[in-house]
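Good morning, and thank you for joining this group meeting.

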Amino acid sequence: MKRVISIEDLKGLFTKPYGVDAPTKQKWAEFYNENVIFTDPTQETEGLDSYIKAQEKLVKRCDDVFLETHAISITGDCGFVEWTMGLKIMGKEFIYPGTTRLLFGENGLIKEHRDYFDFCGPTFGPVPILGPFIRWLYGKFVS
């Protein structure tokens, strides 16, 4: 039987207020293929267990994490989720706006999950000396 993932399903997966637990392994398994490919600006993994470990490592590195969904679109075997992620680390908050592209397999489960967001700007921008350099470097590439 083919699983049909709805906009409400994706909203539930891509919404996590501060102070609330992340989805469980069982929850991820309801929506992701065993051989899912996950890619973001910092890593690429293959397999559901690797995907879950990547999510767990992020949560463990941070004091807290939030994810807020803004827009979701599903057309055929492709979905997009626009979101904002917040990470609290050592008393500082880092905000990352981004988008996720999801590809659904024949069984309807997510077979590819790719996150698009600027990792460097929000991470290193607030850091003295490094922040101004990052902004200068960005300016050289976009001006």
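Predicted model: local features only at pLDDT ≥ 70, side-chain atom pairs only at ≥ 80, totals over all residues.

Let us begin with a lysine and a ring: the charged end of Lys88 lies over the ring of Tyr18, at 4.3 Å from the centre of that ring.

Across the whole structure, a search finds 10 aromatic pairs. One of them joins Trp28 and Tyr32 in an edge-to-face arrangement, with 5.7 Å from centre to centre and 75° between the planes. Are these two residues buried or exposed? Buried means under 20% relative accessible area. Trp28 has a relative accessibility of 8%, so Trp28 counts as buried. Tyr32 has 1%, and therefore Tyr32 counts as buried too. Elsewhere in the list of aromatic residues, Trp83, Tyr96, Phe117, Phe119 and Phe124 come together as one aromatic cluster.

I now turn to the protein as a whole. Its secondary structure consists of 5 helices and 6 strands, and their order along the sequence is α-α-β-β-α-β-β-β-β-α-α. Along the principal axes, the C-alpha atoms occupy a box of roughly 55 × 35 × 25 Å. Of the 143 residues, 39% are buried. If we take the contacts between residues at least 6 apart in sequence, 48% of them connect residues at least 24 apart.

Finally, the surface and the charges. The protein exposes about 8800 Å², of which carbon and sulfur atoms supply 58%. There are 17 positive and 20 negative charges, and their mean positions lie 4 Å apart.

Notes: Residues numbered from 1 in each chain as written. Heavy atoms only, no water. Helix = DSSP H or I, 4+ residues; strand = E, 2+ residues; numbered from the N terminus. Buried < 20%, exposed > 50% of the residue type's maximum accessible area, 1.4 Å probe, protein only. Contact = heavy atoms within 4.5 Å. Areas by Shrake-Rupley, 256 points an atom, 1.4 Å probe, with all protein chains shown as cover. Lys, Arg positive; Asp, Glu negative; His and termini not counted. Charge placed at Lys NZ, Arg CZ, Asp CG, Glu CD. Phe/Tyr/Trp six-rings, centres within 6.5 Å; stacked < 30°, edge-to-face > 60°. Lys NZ or Arg CZ within 6 Å of the ring centre and 35° of its normal.
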